[in-house]
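Please keep the sequence and the structure in view.

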Amino acid sequence: MDWWTGVDGILIYLYRITGWTMIDYFIGTLLLAMIAVLIGDFTTSLVYRANRSYFRNLNSRLGEMHNSSMVALRIKDKAGYKAVNREANDTFGMLFFGMFGLSASYLWPAFFALAWMQSRFDGIKFPLFINDWTSSYFLTFLVSYLLARFAFSALKPYLPYFKHVMNEREEKPEPAVAAGEKAV
Amino acid sequence: MEDRPVPGTIHRDGIDQCQPGERLFKKKRLYKVSLFILVLLLTGLVFSSLASGAPVGNNLGLEGKLGAAIAKAPAGTGAGQIDVNAARGFLGIPGAPKVNPIVAFLWAIWVGWIFTTVGAFGGIMAGVGHMTVFGLGDYAKGFNKNAPELGKVMTDCIRMSNQWLVGLSSGVGTLNFLKAKRLAWPLGLALGFGSLFGGLLIPIVTGGKISFAAYQGWFGIAVFVVGGFLLYETTPKGQAGKKAAKAAAQAFEKSIKEKTEAADQGIKVTKWGVLKIEFSFFGVEFGFNPLVAFAGGMIIAAISSFLGVGGGFLYVPYLTSLVGLPMFVVAGTSALAVLASMVMSIASYLNFTGAAVDWALIGTELIGIFIGSMIGPRTQKYIPDVWLKRLFVVLALYVGLGYFSKGFFGSSWVPM
């Protein structure tokens, strides 16, 4: 038995809770989405911690450049404004692309969840009980994932490891958010 | 002396003047030639039927446009045919390359490393992975003659794989900059609507219509453009310009005596118009043409959607040159456009092209990207920026040349 068959054997139990097919499908998909969110948030915390000082330095530089550009605007120093804005652009570029790792770490479990759902539910149209509308596995997972994200954001302050990471982030805020709040 | 007529020629009175023996010889030759032509024809018919093959006849369990295209593709074991008995590969197609997950993972680490060291070139490398390293491009191209519809559907699948990977990777950064609330909303609206339009238009207009060769050729041109920018930055002029800007910025920062803690003045629109919108930010007046902003958003989103890469790094210089806004406002505004075009493009590809996605492949690549992004900041201090860029200029020229020639001329001008 290969590992994919093993994973399949475990995940399908999420879809056998109540015994009613459609209800089980939606509950199972929501639970699968919650697992994807949980794993994604955990790996994001690892990436954030690994790159924390890198982001903080860029963030700080960005804020300084933005402050300077505001001053340059007010005193109408066009050359100074252009110079600091160009530096800020370069720093923004590094920060923007540097965050690609954070995105990737949030989302990778969702794609494996979709791969599993594709192997089980591809081609099946699930009724939405509204106007004969139907949904594919992709749409139901997408909606479930968004709901799971909202729910997890509410639960996070009460979960041990994630609460600690949240506190760390509040003391030293997210890149770009910090620059936005600090700069102007 | 009367000329003896040459057998087979028209004599001066229009009649072939062959002797009886020559006539017999001519008949035998005629039969041989006819037989030869018949054999040739039959051979041609046999080979062409083998080459085109009878169609597969069913979707082999694959849904949507991919399944429909497979049903029409010729069955067989040759190039451009579907071997229905072969093991399933990419997207579940029998006989398609099976992407090695370890190769995909290692390549994605490389892509993630590039994102955090050079930036935009990471998206290019992600596309190179899908097209060349994993062998998907050559496989799609193989259907050009025998099953062009399948080739075009596969091209859309590759484009969408690029879009998912690079587009979603920009998601967190985009949301973060939006959360920072520094958004020039009149400009954001104009740019955002243009981006939505561009992200919607391209999948509708080009979905199922672009051969892999054409896509590869255009991708090669885009690689040249990115390589050109990188090349400029490594030239003495580019380096001097950057140093001068840095020195000017540092000098300006030192000269500032005060940094006023200003109240949040935000953005105030002072004039509305079809051709000009004016607003103030921090007491300074800015203006832009909303039609130009719309057009720019549309073009950038269209390029990004067509190629499956890019967009994020084009908006900022465009906005900076269009409006001259402070970077932080540009960052938030462009983030809105990036998000709008990415969501619309992905949704349009799924809806209008029916392109299929290998979710596990994208998931594997995302893992590689986040690992690569953790390595990048740690190696940056050991590799001078200018030498990194020179390396990527060489790569860009090589890949650009190869893809351009392979795409538009049928064969690569460099080993590939």
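Which residues have the most contacts inside the largest nonpolar core? They are Ile70(B) and Leu366(B), in a core of 154 residues. A nonpolar core is here a set of buried Ala, Val, Leu, Ile, Met, Phe, Trp, Tyr and Cys residues joined through C-beta atoms within 7 Å. A residue is buried if 20 or more other C-beta atoms, placed from the backbone, lie within 10 Å of its own, exposed if 12 or fewer, and partly exposed in between. Helix 13 of chain B gives the most to this core, namely 14 residues.

The model is predicted: local features need pLDDT of at least 70 and side-chain atom pairs count only at pLDDT 80 or more, whereas totals for chains, interfaces and linings use all residues. Residues are numbered from 1 along each chain as its sequence is written, and chains are lettered from A and ligands numbered from 1 in the order in which they are written.

Chain B contains 15 helices and 3 strands; these are DSSP runs numbered from the N terminus, helices being H or I of at least four residues and strands E of at least two. Of its 416 residues, 46% are buried.

Helix 6 of chain B packs against helix 13 of chain B at an angle of about 155°, with the axes 10 Å apart. Axes are lines fitted to C-alpha atoms, for helices over the stretch in contact, and angles run from 0 to 180 degrees between N-to-C directions. The two helices are therefore roughly antiparallel, a term for angles over 145 degrees. Their contact involves, among others, Trp164(B) of helix 6 and Tyr349(B) of helix 13; two residues are in contact if their C-beta atoms, placed from the backbone, lie within 7 Å.

Chain B also meets chain A, in a contact that takes 50 residues from chain B and 56 residues from chain A. On the side of chain B, the largest share, 11 residues, comes from helix 14 of chain B. Leu366(B), already named for its contacts in the core, touches Ala104(A), Leu107(A), Trp108(A) and Phe111(A), not counting residues up to four places away in sequence.

Finally, Asn351(B) lies in helix 13 of chain B. Asn351(B) is partly exposed because 13 other C-beta atoms lie within 10 Å. Its C-alpha atom is separated by 14 Å from that of Ser305(B), 46 residues apart along the chain.

Notes. Angles under 35 degrees count as roughly parallel, over 145 as roughly antiparallel, 65 to 115 as roughly perpendicular and the rest as oblique.
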